Amino acid sequence: MTPILETRGISKSYAGIGALRDVALQVGEGERVGLIGPNGAGKTTLFNCILGLLVPNAGSVWLAGDNITSLPVHQRARRGIGRSFQRIELFTESTVREHLLIAERVRRGNGSLWKDLLGRGRPTADELRSCDVVLARLGLAELADEPIEQLSLGQGRLVEVGRALMTQPRVLLLDEPSSGLDRQETADLAATLRELQEEQGFAILLVEHDVEFVAAFTQRCYVLDFGSLIAEGLTAEVLERSIVRESYLGTPEGPDT
Amino acid sequence: MIFASALGEDLARALLQGMPPGAVYALIAIGFVLAYKTSGVFNLAFGAQAYVSAALYFQARQEWDWGILPALLVSVFLLAPALGLILERLIFRHLRTSSSVAKLVVAIGLTVAIPSLFDVVVGFSPVAGQTPTGIIPGGANVFYQPFGVYAFSRDELMAMGLAVVAMLGLAALFRFSAIGLQMRAVVESPRMTELNGIQADRVSAFSWALSSVFAGLAGVLIAPRFNTLAAPDFFNLVVVAIAAAAVGRLMSLPRALAGGLGLGVFIALANTFLPAWAEAHPILAPIQENVAPAVPFLVLFALLVLWPAVRTTKEQADPLSGVDPPPPSLASRERSSGLTVATRVFAVVFFLTVGFVVFTRADVNWLFLITQSVILSTIFLSITVITGLAGQISLCQGTFAAIGGFTVFQLSDRYGTSALVAALIGAVVASACGALLSLPIRRLGGVWVAIATLAFAFFFDAVMVKLPWVGGGGTSLLQGTRVPRPTIGPWDLGDDKAFLVLALVVFVITSLAVIQIREGTIGRTLRALRGSELASQSIGISPARSRVLAFALSGFIAGIGGAMLSMQQENVNYTLNFSPFAALFWLVLVVSLGSRTVEGAAQAGAAYALFEAIVLRGAVFGWILRSADRIPGIFPISPKWRFIIFGLGTIQFARHPEGLVEFNTRRAHRRTEALLARLRRPGAAPPPEPDVPEAKEVVP
């Protein structure tokens with residue numbers, strides 16, 4: 001079966017220093033995959049190569065069998081790569097619902113200058129309905145008309161997830177979703193994400209520091225260190241391997257990452 | 001062989017000739033970089049600061065008969081740093097956590113305000129054809145010919161000498177003194193420096209004072225080169241300096257020096273060789289006449305577009321800038337429906353009354369001003385689109401409007417095209433220019449878009465306007481760029497009242513279109529992009545496409561407005577209406593009053609055309625006192641106060657980017673609603689005022 005997301009031999013170097021070396025990674029349809037590694041291992045670089053924010057020096061990125069290496073960021077998004085951000089990126093001056101509405105509008109691609117000028121650019125009942133479904137699903141229905149500035153960080157992350165879901169992604173890239181959240185919030189977020197994912201069948205690639213989260217949430221995972229993959233496989237097994245424990249978790253006496 | 005030696009001599013002469021102006025460009029560029037490095041302010045007002053010193057020097061020498069030394073000391077070493085300190089202390093220190101675009105807008109406001117403020121305070125008015133002499137006796141008349149190819153005047157040698165001394169002094173300061181070390185630290189991180197027990201504020205104030213000395217010195221040195229001492233020339237100068245500074249990516253002082261000298265030499269080379277080539281190849285003749293003055297703008301534009309290093313220069317931003325509260329949503333969205341109805345009823349009554357008075361009572365002058373304010377409101381809606389909706393600062397809206405005006409002039413002059421059709425074509429042309437311009441600059445960050453559009457505006461100003469197929473060439477200098485008033489069927493719009501009706505119709509249609517766009521897909525897309533470009537891309541929005549669209553729309557609106565303005569005045573009047581410096585004031589007005597709403601644009605239009613007539617000339621007092629003869633003696637107040645008031649008005653942009661109109665509307669809504677709530681439920685406690693940060697007074 002073709003993986004939904006695949007990188008083949010990605011290499012990237014900054015000013016001669018290799019940040020990624022020949023990284024091959026696959027995410028199957030409907031799979032939850034983790035990507036872990038210590039600080040500076042190249043996780044963010046790889047993430048940005050997949051999203052199109054960085055151009056790899058070598059290698060290619062494939063989405064559902066199509067080579068998307070040369071596509072700009074927004075076209076990759078339209079083809080089905082959704083994402084959340086480590087430092088949340090929300091649209092100022094907008095309500096929660098407006099975040100989802102604009103994503104829905106872009107996905108449907110039915111906005112045009114003429115429609116705007118003729119006053120038909122306002123949200124349709126249909127669009128509002130599909131937004132409300134997702135809002136309800138995320139437990140944000142009560143906050144739908146709140147300006148975004150009023151939300152807590154955890155709620156903001158949910159809005160990001162909702163916005164990404166509106167694009168009907170085939171694979172959702174989550175960048176450190178637990179950062180800034182407490183344990184309970186992280187657990188709630190994980191539960192919501194898992195439900196949604198099982199329901200809608202998109203794949204998830206998760207970059208995360210919180211090993212417990214990765215262990216509980218993902219089925220498989222990849223471990224990056226110094227720009228190379230040092231381990232991959234079922235999450236529970238990978239986390240047991242000594243090479244991973246040494247590079248990432250540190251020995252019990254050693255310093256924690 | 002002879003040819004080669006002649007060429008060599010030309011080359012050497014151009015090289016030497018370019019050095020003295022290059023040295024002055026370098027001085028400004030260095031001062032500019034100094035302020036940018038230590039405070040992150042892209043200080044466009046630098047030209048205004050140079051102007052103030054040059055004008056005071058001129059005034060002191062010519063009017064007050066001071067000697068060279070006292071005049072120089074007071075204008076360059078007293079006034080200049082004092083002005084720098086005042087700006088830092090009262091304005092920019094408080095904007096430290098604002099975005100770089102907000103700081104730029106404030107600097108643009110100051111560019112407009114400072115020269116007028118100086119003129120009013122000192123009572124200075126430029127004398128045509130007179131500029132100060134240099135800072136050395138006989139500066140312009142005594143020549144030295146050190147290399148046998150080019151004779152330097154004493155002034156020129158002085159300029160170069162001072163540039164060298166200043167550079168060495170600066171290098172020594174950075175290398176050997178404590179304050180130099182602290183300045184270098186503040187550049188790296190003001191917060192971190194403060195944590196180490198150094199007062200970043202004091203360091204920043206010192207570098208502002210120092211950089212202002214550079215501005216003042218350069219102003220006094222360059223002034224003899226101008227025909228008349230006027231603020232716009234000094235504004236050109238700062239654009240040249242930005243080009244020089246861009247060579248050093250706005251960060252490196254030695255490279256800014258090299259950039260300044262290089263630019264001076266490059267201009268001299270163009271002036272030396274282009275005429276010779278043009279003689280040999282007549283085809284080049286029109287280019288030769290026009291390109292040389294545009295060299296700095298071409299260089300700047302090319303640097304921005306072609307040199308990725310400039311684009312990616314890390315914007316100086318305080319890490320804490322992200323925690324400032326974002327601007328609130330539009331007041332009209334928050335108000336209750338009852339208030340909306342009341343507002344609309346009031347607006348209708350108000351405009352009907354004004355309209356009735358205007359159409360029955362107004363004389364030719366008032367009709368002219370009111371029509372002008374309506375047309376300018378239309379043009380200002382183009383700023384609402386590009387700045388209010390798309391969040392970009394464009395400094396070439398005057399150029400787009402001029403394109404509209406010139407198109408009507410050309411089409412009706414050459415082909416007798418109906419003026420209205422020509423106006424539409426003009427709008428389309430302006431729109432196409434906007435789209436084309438936005439393509440190469442679509443990747444630039446906020447401040448750089450402003451600078452690139454400014455370079456474009458100056459390029460149009462220096463080159464395009466002079467071409468026969470744009471500005472009309474020689475003949476139009478004699479008879480003006482004449483534009484006819486349109487006729488629609490039986491209506492002859494040569495009649496001022498009929499033309500006012502047309503202007504109103506155009507304004508209303510444009511306003512409705514802007515509102516529809518704001519509330520529709522495009523407005524939402526642009527709002528998303530303004531909020532977060534990264535997140536917008538992640539849901540499939542193409543930033544480049546949206547920006548191109550915003551520029552095209554904005555160009556269209558400005559083009560149609562420019563065409564209307566030219567039709568009203570029956571002349572394009574480029575210099576008066578559309579030159580880059582004149583159009584700076586547009587942005588200042590719109591931003592000051594409100595760049596997000598149609599009301600803001602309308603009030604900016606009214607302020608532009610009517611503020612002087614109603615307030616400064618005392619008409620409103622005359623009306624209150626029921627007789628024009630009883631207007632108090634303080635009127636008429638100098639029209640320059642317009643520039644001062646609205647220029648300083650931009651200072652609030654950093655805190656209230658929605659503008660004064662929106663800010664006050666919101667406050668009025670809240671108070672009215674609180675009042676209504678109290679009236680409805682007597683005895684109930686009024687709802688607490690939501691804590692919206694109040695406007696912080698920055699200028700006393």
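Modeller: Before we start, two residues are in contact if their C-beta atoms, placed from the backbone, lie within 7 Å. This is a predicted model, where local features need pLDDT of at least 70, side-chain atom pairs count only at pLDDT 80 or more, and totals for chains, interfaces and linings use all residues. Residues are numbered from 1 along each chain as its sequence is written, and chains are lettered from A and ligands numbered from 1 in the order in which they are written.

Biologist: OK, how many residues does the contact take from chain A and chain B?

Modeller: Chain A puts in 29 residues and chain B puts in 25 residues.

Biologist: And which element gives the largest share of chain A's side?

Modeller: That's α3(A), with five residues. Helices here are DSSP runs of H or I with at least four residues, strands are E runs of at least two, and both are numbered from the N terminus.

Biologist: What's that side like by class?

Modeller: Eleven nonpolar, seven polar and eleven charged residues. Ala, Val, Leu, Ile, Met, Phe, Trp, Tyr, Cys and Pro count as nonpolar, Asp, Glu, Lys and Arg as charged, and the others, Gly among them, as polar.

Biologist: Switching to chain B, what are its domains?

Modeller: Domain 1 covers 9–315 and domain 2 covers 366–663, with bounds from an automatic or database domain assignment. Taken over C-alpha atoms, the centres of these two domains of chain B are 30 Å apart.

Biologist: Which residues have the most contacts inside the largest nonpolar core?

Modeller: B:I28 and B:A241, in a core of 282 residues. Such a core is a set of buried Ala, Val, Leu, Ile, Met, Phe, Trp, Tyr and Cys residues joined through C-beta atoms within 7 Å. Buried means 20 or more other C-beta atoms within 10 Å of a residue's own, exposed means 12 or fewer, and partly exposed is in between, with C-beta atoms placed from the backbone.

Biologist: What does B:I28 touch?

Modeller: Leaving out residues up to four places away in sequence, the partners of B:I28 include B:F46, B:F214, B:L237 and B:A241.

Biologist: Back to chain A, how many helices and strands?

Modeller: Ten helices and ten strands.
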